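Morning, everyone. I'd like to walk you through one model today, strands and then helices. Please have a look at it first.

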Amino acid sequence: MDLFTLPLLAAGDPPPIVTEGFKAWGMWIVLFLPLLAAIITTCVPVVRKRSNIAATLAIGSLLTGLVITLIYFFEALGGQMPIYEGIVNWVEVDAAHITFGTRLDHLALVMTLVVTAVGSAIFIYALGYMHGDESMGRFYGKFALFAFSMLGIVLSPNFFQTFIFWELVGASSYFLIGYYWKKHSAGEAAKKAFLTNRVGDFGFLLGILMVWAAVGAAADVGGLGALVAEYGAFDFRVIEQAFTVHGGEILFGTTFAAAVAAALVFCGAMGKSAQFPLHVWLPDAMEGPTPVSALMHAATMVAAGIYMVIRSNFVFHFAEWAPTLLAWLGAITAFIAATMAITQRDIKKVLAYSTLSQLGYMTMALGCGAYTAAMFHLTTHAFFKALLFLCAGSVIHGCHHEQDMFKMGGLKSKMPSTYKTWMIGTVALTALVPIAGWWSKDEILGSHLGAHQVAGMPIVLGIGLLVAGMTAFYMFRATYLTFHGEYRGHHEAHESPKVMTGPLWFLAAFSLVIGFVGIPNNVFGTKTNLFEAFLDSWHKGPYAELHAWLAIVSTAIAWGGFLTARAIYRRSKGTDPLPAKLGGVWTLWNELWYVDKFYLWLVRVVQQGFAKACWWVERWLVIQGLVNGTAQTARLAGDGIRRVQSGRLGTYVTSFVLGAVVLVGLVLIQLLVRM
Amino acid sequence: MNPLLIIILVPAIATLALFFVPRGNNAAVRGICLLATTIVLITAVLAFIQFPNAPVDDAVGIANKGLESEHVFKWTTKTEWVPDLGLSFFLGVDGMGMAMVLLTAIIIFAGVIVSFGITERVKEYYVCLMALVTGVFGVFTSLDLFFYYFFYELAVIPMFLLIGIWGSTTRTVDQGYATMKLVLLLSTGAVIALVGLIAVYLYAPGAGFDMVKLEEVAFDTSFQMVWFPAIFLGFASLIPLWPLHSWSPAGHAAAPAAVSMLHAGVLMKLGAFGVIRVALTYFPDAAQVYLPWVGLLCCMNIIYGALVAIAQRDLKLIIGYSSSSHMGYVLLGLASMTLIGMQGAVFLMFAHGIMTALAFSLIGWFYDQTHTRMLDDLGGLMKVMPFAGVGFIIAAMASAGLPGFANFVSELLVIIGAWHSNANASLWWYIPPILAVWGLVLTGVYLLRAVKDLWYGEISPRWEKLQDVKTPLQKTPYVVLIATLMLFGFWPKPMLDVLDGSVSSLHYRIENGIEQSVETGALVRDVETPGSGAEGGAGLDSDENAGAEGGADR
């Protein structure tokens with residue numbers, strides 16, 4: 001275990017904590033403004049019906065949040081920012097001491113910036129995309145509710161608040177996936193997303209309880225008591241302190257129990273960040289409007305799981321086999337999602353599976369203990385994946401709601417802005433040249449080399465490299481099918497309005513430059529890794545290094561994927577030659593490895609079977625046997641007496657009321673006499 | 001004036017006043033009831049707000065040995081009735097009672113408005129409704145065992161008439177059958193409890209029917225062990241504890257909307273309240289022994305109830321079984337024997353009452369128009385009734401434990417409490433909380449399925465003309481219920497503060513056993529309790545003072 005404890009103890013002194021003054025509570029404004037916007041747009045009919053007011057409110061709330069966050073950001077750039085805490089006691093019952101509030105450190109700051117910046121761009125984009133939708137007010141109300149919930153996770157000081165907002169993002173996701181409620185598939189997809197997440201949350205909540213109970217029990221030792229008394233045992237700082245002082249083995253009794261707790265906490269991320277085997281909901285979630293897919297199901301909400309693990313990394317760090325589990329689940333997700341992406345016809349589905357695959361990369365990094373690398377990839381991915389989704393939305397908008405890539409083609413000349421920004425996003429994702437994804441993906445792959453705690457690490461790394469090639473293949477497959485060749489659609493395609501292309505260029509610009517804040521220090525021999533430096537007070541573990549051979553190999557593999565796609569799809573005529581070439585493998589991939597079918601069987605046969613069995617017991621044993629049986633016995637006995645009753649309801653009412661009146665009257669008289 | 005007297009007398013007077021309204025003047029009937037329930041609601045809200053700081057000159061406190069805080073009943077008023085039997089009209093509420101009074105006041109206020117749709121035998125309907133609610137308020141505020149039971153029956157019997165006359169037979173449930181079953185099971189439960197109550201009365205003649213004095217009686221352990229099951233099961237059949245639950249979903253399915261609201265919202269809580277007020281309070285030693293078994297049974301409530309709900313297609317049966325499933329959490333919280341779990345349990349009684357009233361009132365809204373509640377017949381209703389749809393989704397989300405609603409806080413407290421109770425116990429005792437968390441998943445399954453089948457998708461042409469909730473008066477009950485859920489969901493502190501005194505006293509008794517909690521022997525005239533009186537004198541000095549104060553108040 002020494003391997004893991006060392007870097008933690010090597011972390012620098014924690015920054016001071018500020019709990020008073022305006023700055024400590026400033027993040028409450030950022031957090032609650034979107035909620036305010038959501039409430040007003042939902043509850044005030046005038047606002048709900050005038051879509052421009054609703055949109056202005058929602059966009060304004062998020063932009064204000066961005067501006068306030070930037071004030072903190074500039075303070076942090078000037079040097080170490082203190083930790084700003086604005087926390088109140090929410091529930092205090094015995095040991096269940098739950099606080100609520102905001103805690104802003106550098107990590108939360110990065111994530112808040114991502115959410116508010118990407119969020120603002122997408123909120124503005126939605127103005128154009130949702131134009132003409134009859135219930136745009138409803139849309140923006142729910143979108144703002146999501147922003148509130150997401151910021152709640154980011155700024156959460158404790159596990160319980162994380163769980164609260166965890167559920168809330170789940171609910172807002174449910175509402176927005178089911179936004180087109182007239183569509184049967186939208187309702188099904190929304191339900192599936194919510195319930196899959198619920199299954200993950202089942203483990204998450206149990207994990208939280210395990211950690212809480214362990215930390216609470218350890219409160220008497222090692223000066224932890226004061227912290228527990230102040231913040232409660234759900235608090236991240238308290239838990240971190242407990243893990244640092246005691247280590248997982250002492251807290252939980254056995255290392256196995258510590259690993260179980262970590263695995264259970266990870267279940268939450270498994271649901272929210274759609275990791276195998278709970279990945280099934282994310283592709284279906286594309287039933288929602290495209291801005292929703294971009295913001296929630298690509299850039300921010302699905303990254304919440306990764307963020308949560310980074311935030312509570314101490315739980316995982318000490319946990320025996322948990323890192324191996326994470327790395328392998330990440331690798332499996334990355335791989336199977338990439339195979340599924342290759343078989344898709346729907347442009348949004350390609351991006352959805354691509355998101356899954358990239359989240360798999362991040363989880364691999366988490367397993368390797370490379371939390372900063374995971375956070376870096378999360379940040380770059382948020383920008384370029386949001387960009388790609390918005391481009392896809394622009395294409396869908398331009399092609400009159402056509403989503404099938406085989407009915408597109410040749411959009412390069414018809415939608416120049418969309419094409420150019422799409423290419424920037426694609427290159428950033430596929431890591432052909434050193435922008436965004438190239439740096440962040442490489443940090444993740446590089447982090448494997450030192451990760452001896454992961455069993456089978458070379459295989460995981462191998463999968464990571466393979467997926468890099470597959471990523472390039474399916475992305476350029478989509479590019480060639482959509483933008484190159486001849487236009488195969490029926491309606492005339494057109495470029496999207498400025499309100500949509502503006503955000504595209506904004507995100508494209510970020511996708512171009514964002515990678516350069518994380519150039520590993522060993523490349524130029526100076527401190528070029530600004531991202532790592534920014535998270536220095538929080539950052540734990542070895543600094544990222546660029547391994548030249550690994551970079552060359554992964555880039556070569558990516559180019560290989562790109563060139564293969566180019567060879568196959570450059571002159572596509574709207575048919576796909578791959579199914580014939582791959583045969584059974586294609587079927588397996590196209591059927592999504594039969595995971596969805598298996599779950600369907602689980603729900604339809606197993607769960608419904610249990611339900612039917614219980615209903616059978618209820619009907620024939622409990623009701624018929626226990627209740628009716630007793631009643632029939634009694635009826636036989638009481639048959640004679642029954643004839644005495646008149647059976648007229650009126651008589652019953654009268655006699656009952658009279659009896660009651662007499663009794664109440666007696667009481668009243670007594671009362672009066674005594675008064 | 002004493003708020004409890006207002007709360008009890010106003011509906012009682014309204015019941016009588018209704019007799020003088022000429023037949024056919026439905027507006028007057030509705031007006032009287034609306035006025036009465038509004039007065040009651042306002043009084044209850046004011047009382048709830050004042051409760052923690054209410055003046056103590058009419059309060060009665062029961063000291064527990066070794067516990068600083070007393071079990072305080074506020075706004076007590078006592079009138080001797082039959083002094084020879086120790087019978088008196090004695091009112092007062094502790095925190096738990098206050099919460100339940102507020103719950104009842106909110107639900108009956110909403111229920112009266114929701115019932116405006118009733119057009120047959122309006123007067124008789126409201127007479128029954130008002131009598132029922134008088135009984136419910138009586139149970140929650142009575143400190144005299146005789147009146148406690150009297151009001152308990154007063155609440156149960158109108159239920160029979162309400163379902164029997166204004167209910168309906170559907171494909172799934174026959175009205176007459178459901179009514180008979182409900183009344184028979186409830187009456188049986190009540191009679192079993194009554195036997196137990198009589199035994200309690202006979203055991204401590206010095207206390208008479210005075211529930212405050214009874215709380216200071218040190219019941220002998222073997223007496224507790226014998227009578228705890230009787231009283232517990234008697235009341236628990238109303239909760240309803242598995243497998244005594246089958247009256248409840250059937251009763252819902254046959255009842256009109258407002259009756260379902262009261263049934264699930266309040267009547268079930270009468271059972272839980274009885275369990276707490278009598279079985280757990282008087283018999284803490286027995287509770288220590290029996291509650292772990294209750295902890296297992298309530299898992300059946302939670303999981304089995306949810307699974308049966310999944311198998312249903314009649315919406316009212318779904319919510320009915322859901323209620324039985326969720327009352328399992330209340331039992332789990334009590335069975336956890338931790339302060340957290342018990343607070344959560346009582347809080348959940350309140351939250352679940354409001355939530356389920358909201359669900360049933362909305363079902364009633366469209367059932368009155370569609371005359372079907374089968375999910376297969378409905379669909380796409382969001383198009384014609386968006387307000388009702390959003391309200392129903394809110395109820396479903398609250399029930400599924402979405403944060404922001406009171407149900408989330410209370411259910412989580414129950415689960416945390418259940419988890420906490422395992423601190424030093426065997427691993428097996430993790431099973432109930434784990435199943436309880438799984439129950440949350442199952443709740444999501446049947447509720448989201450219902451939401452999807454009801455509101456999403458294309459609408460059938462025959463539902464195109466359905467009316468949404470339109471006028472402000474029609475919207476009032478739903479808005480009040482939703483606002484209550486969200487208020488306590490966002491800021492649960494006021495509720496927890498009100499509950500704190502009574503629940504921590506109860507928790508203390510169960511944790512320490514009766515001998516450690518009360519000054520023994522004082523109230524048992526005929527000393528039939530070997531061994532229990534001897535150690536009583538060794539109490540701490542300060543407690544004697546506290547006890548003396550408590551005595552002086554009376």
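Strand E2 of chain A, residues 83-93, pairs with E3(A) through 9 bridges, and the two run antiparallel. Keep in mind that this is a predicted model. One pair to find on screen: Glu92(A) sits opposite His97(A) in E3(A). The two strands make a hairpin, with 2 residues between them. In that turn, Asp94(A) has a positive phi of about 50°.

Is E3(A) mostly covered or uncovered? Covered: 8 of its 9 residues, 96-104, are buried.

Now the helices of chain A. Take H2, residues 22-43, and H6, residues 136-155. Their axes come within 8 Å and cross at roughly 155°. An angle over 145 degrees counts as roughly antiparallel, so that is how H2(A) and H6(A) lie to each other. The crossing is left-handed. Who makes the contact? From H2(A), the residues include Met27(A), Leu31(A) and Leu35(A). From H6(A), they include Tyr140(A), Phe148(A) and Leu151(A). By class, the contact has 14 nonpolar residues, 5 polar and no charged ones.

Over to chain B. Strand E1, residues 60-64, pairs with E2, residues 67-82, over 4 antiparallel bridges. Gly61(B) has Val72(B) as its bridge partner in E2(B). This hairpin has 2 residues between its strands, and Gly66(B) in the turn has a positive phi of about 80°.

E2(B) also joins E3(B), residues 87-93, by 6 bridges, again antiparallel. Here Lys78(B) partners Phe90(B). The hairpin has 4 residues between the strands, and Gly86(B) takes a positive phi near 75°.

Note on methods:
Residues are numbered from 1 along each chain as its sequence is written. Chains are lettered from A and ligands numbered from 1 in the order in which they are written. This is a predicted model: local features need pLDDT of at least 70, side-chain atom pairs count only at pLDDT 80 or more; totals for chains, interfaces and linings use all residues. A residue is buried if 20 or more other C-beta atoms lie within 10 Å of its own, exposed if 12 or fewer, and partly exposed in between; C-beta atoms are placed from the backbone. Two strands pair if DSSP finds at least two bridges between them. Axes are lines fitted to C-alpha atoms, for helices over the stretch in contact, and angles run from 0 to 180 degrees between N-to-C directions. Angles under 35 degrees count as roughly parallel, over 145 as roughly antiparallel, 65 to 115 as roughly perpendicular and the rest as oblique. A crossing is left-handed if the near helix is turned anticlockwise from the far one by less than a right angle, and right-handed if clockwise. Two residues are in contact if their C-beta atoms, placed from the backbone, lie within 7 Å. Ala, Val, Leu, Ile, Met, Phe, Trp, Tyr, Cys and Pro count as nonpolar, Asp, Glu, Lys and Arg as charged, and the others, Gly among them, as polar.
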